[in-house]
Amino acid sequence: MRLNFYGAARTVTGACFHVEVSGTRLLIDCGLFQGPREIRERNFQPFPFSPASLDYVLLTHAHIDHCGLIPRLCKEGFKGKILATGATVDLAGVLLPDAAHIQEMEAERKSRKAQRAGKPPVEPLYTVADAYDALRFFQKIAYDTEIPLSPGVSATFLDAGHILGAAMILLRSGEAGMPMSVLFTGDLGRPGQRLVKDPAVVAHADYLVIESTYGNRQHPQVEEIAVLHDVLWRTYRRGGNVIIPAFAVERTQDLLYDLNKLWQVGKMPPVTVYIDSPLAVAVTDIFNRHGECYDSEARSLLKCGENPLNSGFVKFSVKPEESRALNEIKSGLVIIAGSGMCEAGRVRHHLKHNLWRPECTVVFVGYQAQGTLGRRILDGDKSVKIFDEEVAVRAEIVELMGYSAHADQPALLNWLKKMNQAPRQVFVVHGEPEAAETLRLMIEEKLGFNAVVPDYSSSWLLTVDPDKAALYEAYRRLGERLRVILQAGDPAAIAAVTRQIEAVAADSGAGAAAG
């Protein structure tokens, strides 16, 4: 099996792992690169493989940095199957057209600027039509069901506990008669989240590709709902608005969950909460349709007739004019809008009108990649450029990482400890260089696993354990001899081969006991 790292290698975004095994070619994820310009430019570079040559895309989940290049992949010749869980397929059905709309709007903006400079227009990475066309290749797959991909190759989707429908993918191969498994964690969720289940325990995989977004960090041990309560009241008393850049998937729903808790016990200040995102509205509807993905606590609420995502005090803003009207209101608002890293969407307009006001607060509840507007604000820049206009950063800035859907370093290590056998190799991906390298060192020092941070475009040949390979080869040869002898019908020869098989089995058992 050959594994090529064409994304999320020494960077957080652009997840894309190319696998060649037993004549089958597939991708694990095909995500959009986000962050600094030099990283984003990879979105426009030629694919390092032929899209038409691929048989499958196995999609871990619907975040754009994992699925956002699928429309381009299909546009350039992919005709295979895209397999994902039911919730992921439904989420991709709204997230990919939305991403395409952003691509079109950004290309239109750049084209106007180019036209003024006498330059040719800018083409979008892909269009909304391209996104809808890509959706026809998607197929829904159930959790915990082994799916045959080709003779000797299968995939099983396991709950990753990250966002609704997120999966780890366990790829199994019987190449050359020697079984081997590779586990791709995708984004691994933190335990104890509000809506989704905890990540599944995986006892063993020969090779492991694990994320490291928070590989060098630990989430603060605070009760997020208490901090959120204080922020809401503090801003209300100052006479300002609270702006929360939030991903439409999971972060918005987690916030709704906690805001509903505060409202139910009468602890909300007299503010108006707006979900200012047509996408978040559509995603919340998908959440309501996939209660099978919820954890026991959320399911219990539903059984009692309480839906924490459909509270009566929250208003949903869908039309552009409704969104613009919010910027005329100077106080008493809580606006939850995308995008989560402030790179696009309606939140940029709300930041433009509120970021410079010291009475307001901006609350970050998700990861901010290097080079994004959200990261610059969080890192303490005194002013930032929004829509080509310099805006001072005077609002209170609050980071609530308890809403992160990613496992932090302790959670990642605790999950790894539950494996009952060390993988032959651990590949640490989906993290900024420092985070990935820190986690790699911790995996080696604390667990004794071999770990490496693969380079972008690096290629690795994965093989079974040499001892296992020798054992399988011995059995294969004995089996072939036995087949020939049985055909000849020689009892003495059959007895001799049987003794050889028993000897090999005894040796392998002794070796296993010694190991």
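Trainee: What does Arg194 touch, not counting residues up to four places away in sequence?
Mentor: Glu224, Asp254, Tyr257, Asp258, Asp295, Ala298, Gly402 and Tyr403. Contact here means heavy atoms within 4.5 Å. Keep in mind that this is a predicted model, where local features need pLDDT of at least 70, side-chain atom pairs count only at pLDDT 80 or more, and totals for chains, interfaces and linings use all residues. Side-chain values use heavy atoms, with hydrogens and water left out, and residues are numbered from 1 along each chain as its sequence is written.

Trainee: Where does Arg194 sit?
Mentor: In the loop between β10 and β11. Strands (E, at least two residues) and helices (H or I, at least four) are DSSP runs, numbered from the N terminus.

Trainee: And is Arg194 buried or exposed?
Mentor: Arg194 counts as buried because its relative accessibility is 14%. The cut-offs are under 20% relative accessible area for buried and over 50% for exposed, with partly exposed in between (1.4 Å probe, protein chains only).

Trainee: Which side chains make polar contacts with the Arg194 side chain?
Mentor: Glu224 does, at 3.4 Å, and so does Asp258, at 3.0 Å. A polar contact is a pair of N or O atoms within 3.5 Å; within protein, one must be able to donate a hydrogen and the other to accept it, and residues adjacent in sequence count only if both atoms are side-chain atoms.

Trainee: Switching to Thr252: which helix is that in?
Mentor: Helix α7, residues 251-264. Thr252 is buried, because its relative accessibility is 1%. A polar atom of its side chain lies 2.9 Å from the backbone oxygen of Phe247.

Trainee: OK, the sheet. What's the strand order?
Mentor: It's an open sheet with mixed pairing, ordered β7-β8-β9-β10-β11-β20-β21. The edge strands, β7 (146-150) and β21 (451-452), each pair on one side only. Two strands pair if DSSP finds at least two bridges between them.

Trainee: How many bridges join β20 to β21?
Mentor: Two, and the strands run parallel. Val426 has Ala451 in β21 as its bridge partner.

Trainee: What does helix α14 touch on the sheet?
Mentor: β11, β20 and β21, and the direction of α14 makes about 155° with that of β20. Axes are lines fitted to C-alpha atoms, for helices over the stretch in contact, and angles run from 0 to 180 degrees between N-to-C directions.
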